[in-house]
Amino acid sequence: MTRVSIKRDIYLYLFGIVISLTAVYGLMINQSYHIGLNESAKYGFLYELKASESEYLKSGQLPQFQTSTFQVYLELNQIPQKFLTAFDWNTFVNDAIYEHYVPATGSATGEYLYAASHHIASVDKTLYVVSQYDEAIYLELFELSPPDSVSQFNSAFIMIGGLLLLVFLIIRLLIYRLTKPILALSQWSETLDLNQTDKLKCFRYREVDLLANQLVESVRSERDAIEREAFFLRAASHELRTPVSIMSASSEMLERLSESMPRGGQRAVARIKRSVATMQTLITTLLWMSRNTQDDVEPTNINVHKLATEVIESHRYLIDHKKIRIELNIKKEPLQIRAPLALIEIVLANMVRNAFQHSTNGIVSISLSTDYIGVTNPIEDMTIHESQSIEASFGIGLVLIEKVCSNQGWHFSHQQENSVHFSSVVFHHDKAPLDVTKR
């Protein structure tokens, strides 16, 4: 979905409303103007018709002041031929005014013809009224002396323009007042500096003020939680180092004495040694995560093949009771990459440990290249509900890998299809992860 700014939407919607209302207002003025002209002409025409009726009833004769703009007849055959041709007199409605335009031809100018019929019920007579206007004379008169209504009409459009400008200024002020606190809140959210919250106090609008307070409290609460978590990781890691070191030294002593022990005791000493090594790796990872910095992880040249072989051997005890075959696919030799050794070891060890711990009988495939590590292992076929909690099933290992990769800008992905789980790490973020299922 394409996201836009609040200011843009406010401008679009409000200006759309203003322009629509202005257009409707202009059309109404234009229509009112033409309706007024037509109504004035109509009632002037009807007035002359009534005056002719009064004259006929009084004297029994038609008015003598007939001109080209107003002529009255008692019989249809008296009407000039051009009016008889232009109108269908048999369909006339009483007192209705009909119009016909005769376009200009050659040297003759255009004409506007008008006609009406008026029935005098008291004497059962019908008056036929016709009128004509020369278009050229009308236009000349209009150019020499425009009617006041035209200037008033132009003034109305000037008022519309002024109204539009006024509305623009009001909207601009409204948008400024609405977006100013939101912009201030947005600028603060870029830093989330709890020492710079003075600009977030006393906003004009209660809703924005409430949002700002909630955001500040959420950031403060989140910072406190992160600090508590980091303190716990540091403290726990340091506190664990002493007993783990003692356990490591004791396991080494037991290993030297294990030759005189029975086979069961030797296996117990080996398990102790492996568990101590696992705890040391975990403590190192937790310490690195608690510092959340890259200052102390200088890159070095790493022989990934050699490192992978050592990791596989150190975790082989996890598959001693399973029918699992390990395939190590190397793209080329010697396989050297430049990266922080501790982090590569954390990632590779956790990927291998997860694969060994959760594999069923089959083939565990480990693929290595200069910018890629991929691990594929068989697992029990899961239902849809079970596969949704795959991360929880695979323990803290995937979480540690995600944390390391996120900090270093590497790309980590994992998924499960049918009875196969595959995970991969791409060390260059601009390269797509390889398909480990094809390796």
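Author: A residue is called buried when its relative accessible area is under 20%, exposed when it is over 50%, and partly exposed in between, with a 1.4 Å probe and protein chains only. This is a predicted model, in which local features need pLDDT of at least 70 and side-chain atom pairs count only at pLDDT 80 or more, while totals for chains, interfaces and linings use all residues. Residues are numbered from 1 along each chain as its sequence is written, and side-chain values use heavy atoms, with hydrogens and water left out.

Most residues other than glycine have a negative phi. Aspartate 95, although not a glycine, has a positive phi of about 65°, and aspartate 124, also not a glycine, has a positive phi of about 50°. Aspartate 95 sits in the loop between α2 (81-86) and β2 (98-102), where helices (H or I, at least four residues) and strands (E, at least two) are DSSP runs numbered from the N terminus. Because its relative accessibility is 28%, aspartate 95 counts as partly exposed. Aspartate 124 belongs to the loop between β3 (111-120) and β4 (125-134), and with a relative accessible area of 57% aspartate 124 is exposed.

Three bridges link β1 and β4 in the antiparallel sense, and valine 72 stands opposite valine 129 in β4.

Another antiparallel pair is formed by β5 (residues 300-303) and β7, joined by four bridges, with asparagine 301 opposite arginine 338 in β7. In a regular strand the side chains alternate between the two faces of the sheet. In β7 (residues 336-339), Ile337 and Ala339 make up the covered face, whereas Gln336 and Arg338 make up the uncovered one.

Now to the helices. Helix α7 (residues 304-314) packs with helix α8 (residues 341-358) at an angle of about 45°, their axes 10 Å apart; axes are lines fitted to C-alpha atoms, for helices over the stretch in contact, and angles run from 0 to 180 degrees between N-to-C directions. The two helices α7 and α8 are therefore oblique to each other, since angles under 35 degrees count as roughly parallel, over 145 as roughly antiparallel, 65 to 115 as roughly perpendicular and the rest as oblique.

With contact taken as heavy atoms within 4.5 Å, Leu307, Ala308, Val311 and Ile312 of α7 meet residues of α8 including Leu341, Ile344, Glu345 and Leu348. By class, this contact of α7 with α8 has ten nonpolar, no polar and one charged residues, where Ala, Val, Leu, Ile, Met, Phe, Trp, Tyr, Cys and Pro count as nonpolar, Asp, Glu, Lys and Arg as charged, and the others, Gly among them, as polar.

Technical notes. Two strands pair if DSSP finds at least two bridges between them.
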